[in-house]
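Welcome to a short tour of one protein model. Have a look at the picture first, and then we will walk through its parts together.

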Amino acid sequence: MASHPTVQGLSRCLTAPAKPTFAWRLAAEATDAAQNGYRINVMDSRGSTVWDSGQVPSGQQHHIPYTGQDLAPDSDYTWTVQLTDAKGATGAASPPASFSTGLGAAGEGWAGHWIHRAPGGRAPMQLMEGFLRIGGTPHAPWPVKAEGPVTVKARFRLRLGTAGILLRSDGAGNGLLLELEPHGAALLRPAPAWEIGAAAAPCTVPVAETQGFEAAAASRAGTVPTDGWQDLTVTDDGDAIVVVIDGKQVLEALVPRHNGHGTGMAFHQGPRSQAEYRSLTVHAAGSTVLEADFSLPDALDAWHTSTPHRQPDEWTLAKTTVELPGRVVRARLYAAAGHHARFSINGMPCLETTSFGYPGEQFYDAADVTDALQDTDSATIEALAHWYGPGQGRAAGRPGLLAQLSVEYDDGTRDLFGTGPGWLLAEGPYRQAGYRNDEGDPIEHHDAASWPAPEGWSPAQSLGQHPVPDFPVLHPNYAMVARNQVSAVVIRTAEDGTPVADFGRVLPGRPVVEFGSGVHGRTIMMRAGYALLEDGRVDHGKTASQNTDMTFPYTQTGGPQRYEAAVHLGFRYLEFPGLSLAELGEVAAVVVHAEHPDEATFSSSDPVLDHVFALLKDSALYGVQEQFVDTPTREKGQFLADAANISYATMALFGERHFTAKALREFAASAGRYWASPEERGRYNAVYPNGDGKRDIPDFSLMMPEWVEEYHRHSSDDALVEELLPCLVDSADYVLRHIPVDGPTAGLVTNLGGGSGPYLHGIVDWPAPGRFGYDMDCAARTTVNAQAWSVLDVVSRLCATAGRERDSARFAAAAAALGDRFNDALRVDGVMVDGLHADGRPSLNASQHATSFPLSLGITPPEHAAKDAERLAGMGMRQGPMTVHRLFRALLAEGRVDAVLDLLTDATQPGWARQLEAGASFTWEAWDLVEGTDYSQSHAWSASVVREIFEYLLGVRITAPGAAAVVIQPPVCRLERAEGAIPTERGPVRVSWRRTPDGTELDYSAPAGVKVDVILPRDGKQ
């Protein structure tokens, strides 16, 4: 009989499409049980059969497609499956399992409108601790009109991007823009017209600029700076504008005033930029017309502190109340947002939805809210919507909210209540507090004292009933997010009395704080962090904070209150400057991570190895929120290399499939969006979705086919492979386009197209210290050629699986030719070198990467493999966390299990054991933290090696797609025992082995229907 039924890979699916897929496991206890056929029946809510598959002769248990007539949207169904065994006997049908369909991707079943509020609200200017912060805005006017000669004096510092001041301006896009960069660089140009949501302010022709302005590095400060203040003087006599910074004239321009110029002045900050000012003075026509000291609390009393422009960080409250004329027996809430929304019904939180994608690549979520509508004759639906603006991991999109409540009563009638003009909206109680860093992540400042008054609510504006151009398609979201509250382990006080909460480890969390008695209007600058200073305060220096402002400003209202952040950061500590311990109640965090269906286990005779495994496992868990992330603190974007590496871990550890499938589709979409031209086809965005547009890293693009094949190995999802195959074929052709037929590097991939700046032609490893001296001057790099061979080899196999035999043969032949040339040209005196220079000279450097990449992929000829593995083992750890799985696979290919154990457990060399000794509870971006860098302390990409731990230390390898077959092979190594369980598509495989005086003792269990081959060691050999 079948067990564990799923629809769309979910045991409780609320958003099945019109043609869903089904899966199950075999419930038989005997491991030699087999399935030779199945029959599926799908019934509607009345019990009528809507589809009978008939008897299907197949052993397939997953991704079984529904082939009947389209199922109705927003409807409930049940299904059963009846299995036939290897002897032809048909068993009983499985107990009925339920699922619900969602709403159509192109609008079928949707009645709601996309709603939003009019642009405007609190301006992105905020008084901080002694200064004014200005965030992204095309025009923040000063309270002054200046006729005649004008002199402006300001004390300022740059935080992100450039500082901007509009001169002779009466509004956005009018007048002259003065932009300031670090080290006294300045540019004067006509003010550009733009709006928030743009990736950058448009270029205009410069009037004058400091020599080298374009080459000057823009500010990237994200941490809380302690200095960097500069004194600015600008004089404008109507004919010439002169700019002086710290007493040095940096720019002079002849710009006669004309009728198109205005008399006003304003701040201007481009997208994802900000500057800070301590003081500002304007003299005009012999008198002082503006004098502002921004250290004073009333410094903005005469200023316009609201804006008609879209806010860079838009928060919107939405609400409506609907009448329920009968007893509710079924209710579903469907919702989508650009970018995020949290819903409650009658005060009960019920649903969060997030969609960071481009138009056509967005998602919706659903919740069963039947319980929330019991014993009531009305439903008040409330939402807090948040549009972040563009950034890493987020397309800009536009603010929008869509919801639909579907209600069924006991008499069989239904009501649909959708968002529309009847909803009321108001600006949410959040200030515009600037950016955490240059990745576009806004600082969240919740102002509990500014909850909108009744007159602050107004009818919603509508973009139209779904679908609309900005939201043309909504896909059901199957990549679920878990949100669990945990309390701080302990709250201590620093030397100065500041309370500091310690969560015991780094977590991706939203702080939650109970205050016993608030002071109306008081702002508390809570600050999160990874490390403490010697005095017990949170270290907010550049390295300790990943160059990120990790504050959570909160303005209190009076009385007892509960604060809960809406956006997460990775952190361990949370401090409360200006408060006493007595003012705090519970301090907690809502931990945000991907929700997974299962969890692997592993333990061994080596306690250090067990601690490393726990570190890798936790890091993989916390390295995924709404998507795979670079880090939950600095860059929340989904980078292709990070995503692939973390995916290797999550698929093996947690049986995860949905986040990987979603990411693969998104990167394939990036190819269509940005890399569709014939000369660029086969490339993928390095990070996607994202706010800074077209951007690739060649090594990352080459990872895509191998990642798809690994997903298929775990999932047996033929349909997704077929969907992605055109992109993968393009990847293979991308490689072939960069193999010259003649010249010094003929036959090798040379200067692989893509990347720019430090990413040009690829990065080998990252951060740079992880290259350990790799020769980056090579035109034909060994690492790139090894990856290119893998692309051809993998795509050849996937084409064969899909029945594309001609393409399969073409790429197999190309892989063979590249492999021959690779081994002939890149091995010098028996050692692999880093590549060939443009003139054909071999590199004089022989890095660990140059040997590990080909050996791990199977390119190395057998006669060199053992010696190459010996060389790798003797080098220790000479690769970075990004590529360490290549090193492991190379060593393990030649049976060097103890060498891998050394890399995992030796704290005297770079690696995880040394990070644990340094107090790490989350893997790092680099093996070591280098002071002055912003290397992440919450970077999960080295968790990729859990796959090798399971395969070669526990000894379980999946050898057929969907775990239809596995090999169990206890290793020959210094471990005395190991035990664990790994989730597979067909169920968990459990293994326990130990050394005894008589040899190796093995206990194992595998799911019914899985073919198991066991290989045991004898006399120290396999």
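## A helix tucked inside

In helix H11, the buried residues are Val 884, His 885, Arg 886, Leu 887, Phe 888, Arg 889, Ala 890, Leu 891 and Leu 892. Here buried means under 20% relative accessible area, exposed means over 50%, and partly exposed is in between, with a 1.4 Å probe and protein chains only. H11 covers residues 884-893, and nine of its 10 residues are buried, so this helix is largely enclosed by the rest of the structure. Gly 895 follows H11 and has a positive phi, near 75°. Helices (H or I, at least four residues) and strands (E, at least two) are DSSP runs, numbered from the N terminus.

A word on what you are looking at: this is a predicted model, where local features need pLDDT of at least 70 and side-chain atom pairs count only at pLDDT 80 or more, while totals for chains, interfaces and linings use all residues. Residues are numbered from 1 along each chain as its sequence is written, and side-chain values use heavy atoms, with hydrogens and water left out.

## The nonpolar cores

In soluble globular proteins, nonpolar side chains tend to be buried together. A nonpolar core is a set of buried Ala, Val, Leu, Ile, Met, Phe, Trp, Tyr and Cys residues joined through side-chain atoms within 4.5 Å. The largest one in this model has 159 residues, and those with the most contacts inside it are Met 526, Leu 574, Phe 700, Trp 707 and Trp 912. Helix H2 (residues 640-654) gives this core its largest share, 11 residues. There is also a second, separate core of 44 residues, which includes Ala 146, Leu 188, Ala 208 and Trp 303.

Which residues does Phe 700 contact, leaving aside its neighbours within four places in sequence? They are Phe 639, Leu 640, Ala 641, Ala 686, Ile 763 and Met 882. Contact means heavy atoms within 4.5 Å.

## Two helices side by side

Now find helix H3 (residues 658-674) and helix H5 (residues 704-715), which pack at an angle of about 150° with their axes 11 Å apart. That angle makes H3 roughly antiparallel to H5. Angles under 35 degrees count as roughly parallel, over 145 as roughly antiparallel, 65 to 115 as roughly perpendicular and the rest as oblique. The axes are lines fitted to C-alpha atoms, for helices over the stretch in contact, and angles run from 0 to 180 degrees between N-to-C directions.

Where the two helices meet, H3 brings Thr 660, Ala 661, Ala 663, Leu 664, Phe 667 and Ala 668, while H5 brings Met 704, Trp 707, Val 708 and Tyr 711.

## Two open sheets

Strands S48-S55-S56-S57, in that order, form an open sheet of four strands with antiparallel pairing. Two strands pair if DSSP finds at least two bridges between them. Strand S48 (601-604) and S57 are at the edges with a single partner strand each, so one side of each has no neighbour in the sheet. From one strand to the next, the twist averages 5°. Seven bridges join S56 (residues 989-996) to S57 (residues 999-1005), and these strands form a hairpin with two residues between them. Val 991 has Tyr 1004 in S57 as its bridge partner.

Another open sheet has three strands in the order S53-S54-S58, with mixed pairing. Its edge strands are S53 (956-958) and S58 (1011-1014), each pairing on one side only. The twist there averages 20° from one strand to the next. S54 (residues 965-968) and S58 run parallel and are joined by four bridges; Ile 968 stands opposite Val 1014 in S58.

Most residues other than glycine have a negative phi, and most peptide bonds are trans. The bond from Tyr 688 to Pro 689 is cis, with omega near -10°, and Pro 689 sits in the loop between H3 and helix H4 (698-701). Trp 766 and Pro 767 are also joined by a cis peptide bond, with omega about -5°.

His 4, in strand S1 (residues 2-7), has a positive phi of about 50° although it is not a glycine. Is His 4 buried or exposed? His 4 is exposed, with a relative accessible area of 52%. His 761 has a positive phi near 65°, and it counts as partly exposed at 23% relative accessibility.
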